[in-house]
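Subject: Structure handover

Hello,

Here is the structure for you to take over. Please open it first, then read the notes below.

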Amino acid sequence: MALRLSGGGYRAALFHLGAVRRLNELGVLGKVDTITSVSGGSILAAHLATTIGSRWPTGDEVLPDFDTTVAKPFHRMANRNIRTWPVHSG
């Protein structure tokens, strides 16, 4: 099964985070073996790869600590203003 994540910047990435959370709750995330993405979807896809990686659920499994390992770190990253940070950090 493939998961396709569309574009739209951080707004799309946060939407997809909610969709992936629900897929996890339903035990469907473990059936996903391919992710394709663009733009904001790629932001979340990269985050999933780095935070879940080899611990990706299989079959009907769910990732029990999704909020702790995936959602909270993603929210922290999305809250950081990366456009003006370099200007204000100097």
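Contact here means heavy atoms within 4.5 Å. This is a predicted model, where local features need pLDDT of at least 70, side-chain atom pairs count only at pLDDT 80 or more, and totals for chains, interfaces and linings use all residues. Residues are numbered from 1 along each chain as its sequence is written, and side-chain values use heavy atoms, with hydrogens and water left out.

The core

Leu17 touches Leu44, Phe66, Val70, Ala71, Phe74 and His75, residues up to four places away in sequence not counted. Leu17 is also among the residues with the most contacts inside the largest nonpolar core, which has 16 residues. A nonpolar core is a set of buried Ala, Val, Leu, Ile, Met, Phe, Trp, Tyr and Cys residues joined through side-chain atoms within 4.5 Å. Strand 1 (2-5), helix 1 (9-25), helix 2 and helix 3 (66-79) each give two or more residues to this core. Helix 3 gives the most, with 4 residues. Helices (H or I, at least four residues) and strands (E, at least two) are DSSP runs, numbered from the N terminus.

Ser39 lies in helix 2 (residues 39-51). Ser39 is not a glycine, yet has a positive phi of about 50°. Ser39 counts as partly exposed because its relative accessibility is 47%. Buried means under 20% relative accessible area, exposed over 50%, partly exposed in between (1.4 Å probe, protein chains only).

Gly40 is in helix 2 too. Gly40 counts as buried, at 0% relative accessibility. Leaving out neighbours within four places in sequence, Gly40 contacts Ser6, Gly7, Gly8, Gly9 and Ala13.

Best wishes
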